[in-house]
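Please read the following report alongside the sequence and the model.

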Amino acid sequence: MDARFNMFDNETAMKFFKRFANAGQVIQRSSLPQPTQELVSLRASQINGCGWCIDMHTKEAVAAGESAVRLNLVAAWRESTAFTEAEQAALALAEEGTRLADAHQGVSDETWAQVRKHYDDDQIAALVALVALINAANRLAVIVHQRGGSYQPGMFAAAFD
């Protein structure tokens, strides 16, 4: 399957992506731990079937020193001992925030309580924004069939410097 539309070769899309990347920088520069950011982005991308974003966040995580064991276990994080309680709370929020249609209340009170237990207000703001942003990115890439496999670490950030 080829991409339907080259979002990186369109002036309007690139103007949008520049602002999108700026929003992402706010999250990236927050106090939310970088490994948590990559794990959350990877998990939401797995749920949404976004090959481009799975490719990106796996490679960015590896470049930042994340282990292959943890990356391989993200999809089964509940059945793993590789993640901290804080990371588990963030992954639960990512799943529930991504699968909004699967639960009439969206994010459960239990998950929210775990997030509150492990993160401060600035980190929670970044985490909620990250879940929203990665879901938007997934939708953009899936709609145009942007395929994974060609991403190189730092590629997205470098395109908007």
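Arg116 is partly exposed, at a relative accessible area of 42%, where buried means under 20% relative accessible area, exposed over 50% and partly exposed in between, computed with a 1.4 Å probe on protein chains only. Arg116 forms a salt bridge with Asp121, and their closest N and O atoms are 2.8 Å apart; the term salt bridge stands for a side-chain nitrogen of Lys or Arg within 4 Å of a carboxyl oxygen of Asp or Glu. Through salt bridges that share partners, Arg43, Arg78 and Glu95 are joined into one network.

The model is predicted, so that local features need pLDDT of at least 70 and side-chain atom pairs count only at pLDDT 80 or more, while totals for chains, interfaces and linings use all residues. Residues are numbered from 1 along each chain as its sequence is written, and side-chain values use heavy atoms, with hydrogens and water left out.

A search of the whole structure finds 9 salt bridges, including the three in this table.

| Salt bridge | Closest N to O distance |
|---|---|
| Lys59 and Asp55 | 2.8 Å |
| Arg116 and Asp121 | 2.8 Å |

Lys59 and Asp55 both lie in helix H3, 4 residues apart, which is about one turn of the helix. An α-helix has 3.6 residues a turn, so residues three or four places apart point the same way. Lys59 counts as partly exposed at 24% relative accessibility, whereas Asp55, at 10%, counts as buried.

Helices here are DSSP runs of H or I with at least four residues, numbered from the N terminus. Helix H7 (residues 121-143) has 23 residues and reaches 33 Å from its first C-alpha to its last, close to the 33 Å expected at 1.5 Å a residue, the expected span being 1.5 Å times one less than the number of residues. At the start of H7, a side-chain oxygen of Asp120 comes to within 3.1 Å of the backbone nitrogen of Asp122. Among the buried residues of H7 are Gln123, Leu127, Leu130, Ile134 and Asn138, and the elements that cover its buried residues include helices H1 (11-28), H2, H3 (51-63), H5 (85-98) and H6 (109-118). After H7 comes His145, whose phi is positive, near 60 degrees, although this residue is other than glycine; His145 lies in the loop between H7 and helix H8 (155-159).

Helix H2 has 15 residues and spans 21 Å from first to last C-alpha, close to the 21 Å expected. Its buried residues pack against H1, H3, helix H4 (68-73), H5 and H7, and just after H2, Gly49 takes a positive phi of about 65 degrees. Within H2 (residues 34-48) is Ser41, which is buried at a relative accessible area of 3%. A polar atom of the Ser41 side chain lies 3.0 Å from the backbone oxygen of Gln37. Not counting residues up to four places away in sequence, Ser41 touches His57, Leu130 and Ile134, contact meaning heavy atoms within 4.5 Å.

The largest nonpolar core has 30 residues, and those with the most contacts inside it are Leu32, Val40, Trp52, Cys53, Val115, Tyr119 and Leu127; such a core is a set of buried Ala, Val, Leu, Ile, Met, Phe, Trp, Tyr and Cys residues joined through side-chain atoms within 4.5 Å. H1, H2, H3, H5 and H7 each supply at least two residues of this core, and the largest share, 9 residues, comes from H7. Apart from this core lies another, of 9 residues, among them Leu42, Val74, Phe83 and Ala92.

How many disulfides does a search of the whole structure find? The search finds 0, a disulfide being a pair of cysteine sulfur atoms within 2.5 Å. The sulfur of Cys50 has its closest cysteine sulfur in Cys53, 3.3 Å away, which is too far for a bond. Both residues are buried, Cys50 at 0% relative accessibility and Cys53 at 2%.

Methods. A polar contact is a pair of N or O atoms within 3.5 Å; within protein, one must be able to donate a hydrogen and the other to accept it, and residues adjacent in sequence count only if both atoms are side-chain atoms.
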